Amino acid sequence: MEMPPPDEGLLARRAEIAADLEALLPPGCVVVDGAALKAYESDGLTAYRQVPLAVTLPRSTAEVAAVLRYCHENKVKVVPRGSGTGLSGGALPLADGIILGLGKLNKILEVDLPNRCARVQPGVTNLAISQAVAHAGFYYAPDPSSQIACSIGGNVAENSGGVHCLKYGLTTNNLLGLEFVTIEGEVLRVGGKHLEAGGYDIMGLLTGSEGLLGVVTEVTVRLLAKPATARAVLLGFPTSEAAGDCVAAVIAAGIIPGGMEIMDKPAIHCTEAFVNAGYPLDVEALLIVELDGPPVEVDMLIERVSKIAADRGASYNRVSTSEAERANFWAGRKAAFPAIGRISPDYICMDGTIPRRRLPEVLRRMSELSVQHGLRLANVFHAGDGNLHPLIMFDANKPGDTEKAEAFGADILRLCVEVGGVLTGEHGVGIEKRDLMPTMFNETDLDQQLAVKCAFDPDSLLNPGKVFPQLARCADAGWMKVSGGALPHPDLPRF
Ligand SMILES: Cc1cc2nc3c(=O)[nH]c(=O)nc-3n(C[C@H](O)[C@H](O)[C@H](O)COP(=O)(O)OP(=O)(O)OC[C@H]3O[C@@H](n4cnc5c(N)ncnc54)[C@H](O)[C@@H]3O)c2cc1C
């Protein structure tokens, strides 16, 4: 994985840039100390690390705008950062760029129940939104497993999903409005508290843009009323293929569960040892299906799902009988990633999406790839969405193991594209999947995406080196005004 080589001129100006930023922001809002900078050297994709030039921690939209305006005028690169839980390296710092951390913008600004929405700052954690409205019987539906830590700004930038997104949609389906700041420091608002906004869907464009188009400084989220009942069923199967088959059959029967997740045997065993969720240990695959709605409907749906599962050879069926038991069923699933961390020194969590009906075939082929690459694999995924999270286990201290894991991961993602799927379901492209973008997009597709990037950020200062397999060559691609044949920023590295 190659990053743009750092600009030596900017590195030489580090002290001056830090002093300028310190003058712009209140005391304590700029980090330049070497040891303190280390805390920002990676995100959840810890295989890659880089200490940034400096870190800014603004406390308001106006301060974010001031930092961006300065960076624009001085051609300093900016990597936005929420909580740093991203798994694709989107918040990986650049040696010649600053981190713009949104952690101090952490207030819930307004809860507006008549309009069923909340206005929050980007550093508020995903879970804090649901906690703030729980007393009134409401919640915010998208629930990444990292929801205790990840920020809503990061969720917007990655278009994050979670267990409940099968029924209630991803982040993009649960947003009503955004405030964001352009690289020039201009503050813009899109959407609001209403459902439809006229004109182009700029909010849709920003959602999932991985910090490449603007910095989100306020989010208006849709709130949902909590369903009257929610119960979860644990279904054990003799093969992963049978579990995959059951998922397709449930959806084909017209049932949309509140959540439907699969764990394979290695994942079941290590999460059970970690969380004691009560999972069966004598099955090859476990399906967790949550049904929600009025109690009578939930009872009826549980019966239908159980019958579909039994017809596909399910050997285990346990229905939650209390809210505590339901939460415990999910506690195992939500702790699956850290649980894998207990049995392997390192792991990479991949994230690809496939058409649901190809699940059995893809699971089989991933097992074959595991043997071929000589690395262990555990599977935990949002089965209903066809969103796979294969966890590749390796040991970074063993020479060659990291490269093997990367090659294995790339093969899995190629397989996803081959069967008609996509490179990412919810973790984003970042640096992790950047070089695989041509597997899915041809040059024209990539040029068109680049044209959008260049319309927002012609100098490529916002999160450069991420998502696009080449540095955003706005001028080369004809998207930047070139006067008298002179290429702006001829010193800009191309790779
Ligand atoms: C244990 C674990 C479980 C996870 N489970 C899930 C899951 O179930 N579903 C899921 O979707 N993800 C999951 N993730 C991934 C991660 O939590 C999400 O991608 C999350 O949305 C990242 O939020 P963050 O605040 O940590 O963002 P960061 O990691 O700080 O940043 C992520 C990206 O967003 C950009 N960004 C951050 N804030 C802003 C902003 N305000 N404006 C513009 N750009 C911004 C950054 O530049 C970067 O490109 C998991 C991660 C972990 C570690």
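Biologist: Which residues is glycine 123 in contact with, leaving aside its neighbours within four places in sequence?

Modeller: This is a predicted model, in which local features need pLDDT of at least 70 and side-chain atom pairs count only at pLDDT 80 or more, while totals for chains, interfaces and linings use all residues. Residues are numbered from 1 along each chain as its sequence is written. Glycine 123 lies in the loop between β6 and α5; helices (H or I, at least four residues) and strands (E, at least two) are DSSP runs, numbered from the N terminus. Two residues are in contact if their C-beta atoms, placed from the backbone, lie within 7 Å, and on that basis glycine 123 is in contact with Gly82, Leu102, Gly103, Lys104, Leu105, Asn106, Ser151 and Gly153.

Biologist: Is glycine 123 buried or exposed?

Modeller: A residue is buried if 20 or more other C-beta atoms lie within 10 Å of its own, exposed if 12 or fewer, and partly exposed in between, with C-beta atoms placed from the backbone. Glycine 123 has 23 other C-beta atoms within 10 Å, so this residue is buried.

Biologist: Which helix lies across β5, β6 and β10?

Modeller: β6 spans residues 117-120 and β10 residues 215-222. The helix runs at about 130 degrees to β6, the angle being taken between N-to-C directions on a scale from 0 to 180 degrees, with axes as lines fitted to C-alpha atoms, for helices over the stretch in contact. It covers residues 126-133 and is α5.

Biologist: What are the edge strands of the open sheet of five strands?

Modeller: The order is β5-β6-β10-β8-β9, with antiparallel pairing; strands pair if DSSP finds at least two bridges between them. From one strand to the next, the twist averages 15 degrees. An edge strand here pairs on one side only, and the two are β5 (108-112) and β9 (187-191).

Biologist: Which residue in β9 stands opposite glycine 177?

Modeller: Strand β8 covers residues 175-181 and pairs with β9 in the antiparallel sense over five bridges. The residue opposite glycine 177 is glycine 191.

Biologist: Why is strand β18 largely enclosed by the rest of the structure?

Modeller: Leu377, Asn379 and Phe381 point one way from β18, and Ala378 and Val380 the other way. In a regular strand the side chains alternate between the two faces of the sheet. β18 (residues 377-381) is largely enclosed because, of its five residues, the number buried is five.

Biologist: In β20, which residue is the bridge partner of alanine 378?

Modeller: β18 and β20 (residues 390-394) pair in the antiparallel sense over three bridges. β18 is also joined to β13 (residues 259-264) by two bridges, again antiparallel, and there isoleucine 262 has phenylalanine 381 as its bridge partner. In β20, the partner of alanine 378 is leucine 391.

Biologist: How many residues has the largest nonpolar core?

Modeller: A nonpolar core is a set of buried Ala, Val, Leu, Ile, Met, Phe, Trp, Tyr and Cys residues joined through C-beta atoms within 7 Å. Those with the most contacts inside the largest one are Val221, Cys246, Val247, Leu287 and Ile392. Isoleucine 392 touches residues including Tyr347, Leu375, Leu377 and Phe408. The number of residues in this core is 133.

Biologist: What is phi of asparagine 159?

Modeller: Asparagine 159 lies in the loop between α6 and α7 (165-168), and counts as buried with 24 C-beta neighbours inside 10 Å. Most residues other than glycine have a negative phi. For asparagine 159 phi is positive, near 50 degrees.
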